[in-house]
Amino acid sequence: MKVITTDIEGVKIVEPDVFGDERGWFCETYSKPRYEKFGIKADFVQDNESMSSRGVVRGLHWQAAPFTQAKLVRVERGAVLDVAVDIREGSPTYGRHVAVELSSVNRRQLFIPKGFAHGFFVLEDDTVFSYKCDEPYNPGSERGMRFDDPDLGIKWPDVGVPLTLSPKDRMHPPFKEIEPCREKA
């Protein structure tokens, strides 16, 4: 397994070892002791999965304290541009983001620590996205901000179809209006 550190503390790209032969391939998608050796420490309690079409945007979302979530995300089929935005109060990288393509071809994963807004843009039809969370979903603490806020500087690709967002995601405030994450990670 290869773990790539990013420009933002705590956010890590994981490239699992893939073993292939004439039968197909195998890879370990998670092993707590192994991931902890690479500094990915979270007690995951919930797994989620979504299927989306090309042009769907999900996010940018997070849960407010005390229900903040660390996530380990990956794509089982298709491809996304996955984005994590630092919203940790007092962080030297507050407002900066990491964007990485995750796909069933590259099998990359992204570890997103507590204190980050998260979202993804679907690049291929019938994309299946899955993620582990270290805190259960808590509807009362759900928060969001505009995915396309120019202050964030995220370069979303053009996939040749109209964007599809949930009504809730269309209503999120801009970055300047959000409350920073105050919980220590």
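Me: Which residue does Lys168 meet in a salt bridge?

Reply: Quick caveat: this is a predicted model, where local features need pLDDT of at least 70, side-chain atom pairs count only at pLDDT 80 or more, and totals for chains, interfaces and linings use all residues. Residues are numbered from 1 along each chain as its sequence is written, and side-chain values use heavy atoms, with hydrogens and water left out. A salt bridge here is a side-chain nitrogen of Lys or Arg within 4 Å of a carboxyl oxygen of Asp or Glu. At 3.0 Å, N to O, the partner of Lys168 is Glu142.

Me: Where do Lys168 and Glu142 sit, and how many residues apart are they?

Reply: Helices (H or I, at least four residues) and strands (E, at least two) are DSSP runs, numbered from the N terminus. Lys168 belongs to helix α2 (residues 167–170) and Glu142 to strand β13 (residues 142–144). The pair links distant parts of the chain, and the separation is 26 residues.

Me: Is Glu15 buried, partly exposed or exposed?

Reply: Buried means under 20% relative accessible area and exposed over 50%, with partly exposed in between (1.4 Å probe, protein chains only). Glu15 has 22% relative accessibility, so it counts as partly exposed.

Me: What is the N to O distance between Glu15 and Arg108?

Reply: Their side chains meet in a salt bridge. The N to O distance is 2.8 Å.

Me: Which residues are linked with Asp17 in a network of salt bridges?

Reply: By the salt-bridge rule, the count comes to 14. One of the pairs is Asp148 with Arg146, the closest N and O atoms being 2.8 Å apart. As for Asp17, its network takes in Glu28 and Arg34.

Me: Is Phe121 buried or exposed?

Reply: Phe121 lies in strand β11. Its C-alpha atom is 5.9 Å from that of Val56, 65 residues apart along the chain. Its relative accessibility is 1%, so Phe121 counts as buried.

Me: What radius of gyration does the chain have?

Reply: The radius is taken over C-alpha atoms, and the globule rule is 2.2 Å times the number of residues to the power 0.38. With 185 residues, a compact globule would come out near 16 Å, and the chain agrees, because its value is 16 Å.
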